[in-house]
Amino acid sequence: MDHTETKLWLVRHAPVIGAHGRIYGQDDYDADCSDDSTFRGLATFLPMEAIWVATHLRRTHQTLAALHRGQGRDPLAPLIEPDLVEQHFGDWQGLTYAELDATRDGAYHRFWHAPATERPPNGESFADVVARVEKALLRLTLAHAGNDIVVVTHGGAIRAALAAALNIEPERALGFSVDNCSVTRLDHIEGQSFGAAWRVAFVNRRAI
């Protein structure tokens, strides 16, 4: 074989508890991991032998533990990659969409006209997320070349990874559906004759 393939299995965490209708971003909510059938289904196609990665937020750790339970094994301690965390919505975090809309804040209305490039007050834009996620993915593929890497992460980070892999405008990547407990796989392929390239194997795959 004249090339190296590194497979990244990007899993969005389980649904959060207590954040319905709120902009939670990087707020640290628990995940509802009570649906054992979902995690048993995910276990049918996630690799057993892999590098396991999570962000620093507990909903990713709780989801990762449930995935290992679905695989019939004790939880393994993951590597922590903070740059794969969800978008930070600054002053808007913790507010409901209705509360934010009621403020008639100009920044909020600008955000929905250009959601990829506008930054919430004291937050980051989705384009900022794409930049940091791309660097994190390249670090992982360099450190663990040729391995399967399971990353339990967030919807925004997975859309950002797709933007980086496909080399598309960040705003176009916002159109991808990324459901809770879904898997998106990106393959990083590197060869002596052609350099490095990304391949999108599948997006938003749900448990069987």
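Predicted model: local features only at pLDDT ≥ 70, side-chain atom pairs only at ≥ 80, totals over all residues.
Residues are numbered from 1 along each chain as its sequence is written, and side-chain values use heavy atoms, with hydrogens and water left out.

Trainee: How many aromatic pairs does the count come to?

Mentor: Rings of Phe, Tyr and Trp (its six-membered ring) pair if their centres lie within 6.5 Å, and planes under 30 degrees apart count as stacked, over 60 as edge-to-face and the rest as tilted. By this rule the count comes to five aromatic pairs.

Trainee: Are the rings of tyrosine 24 and tyrosine 29 stacked or edge-to-face?

Mentor: The ring centres of tyrosine 24 and tyrosine 29 are 5.8 Å apart. Their planes stand at 70 degrees, so the pair is edge-to-face.

Trainee: How many residues apart in sequence are the parts that phenylalanine 45 and phenylalanine 202 tie together?

Mentor: Phenylalanine 45 and phenylalanine 202 form an edge-to-face aromatic pair, with 6.4 Å from centre to centre and 80 degrees between the planes. Helices (H or I, at least four residues) and strands (E, at least two) are DSSP runs, numbered from the N terminus. Phenylalanine 45 lies in the loop between α1 (36–43) and β2 (51–54), and phenylalanine 202 lies in strand β6 (residues 195–205), so the pair ties together parts whose separation in sequence is 157 residues.

Trainee: Which residue in β6 is the bridge partner of arginine 185?

Mentor: Two strands pair if DSSP finds at least two bridges between them, and β5 and β6 pair in the antiparallel sense over eight bridges. In β6, the bridge partner of arginine 185 is phenylalanine 202.

Trainee: Is threonine 44 buried or exposed?

Mentor: Threonine 44 is found in the loop between α1 and β2. Buried means under 20% relative accessible area, exposed over 50%, and partly exposed in between (1.4 Å probe, protein chains only). Threonine 44 has 54% relative accessibility, and therefore counts as exposed.

Trainee: Which strand is largely enclosed by the rest of the structure?

Mentor: The strand in question runs over residues 183–191, and eight of its nine residues are buried. Strand β1 (residues 3–12) pairs with it in the antiparallel sense over nine bridges. The strand that is therefore largely enclosed by the rest of the structure is β5.
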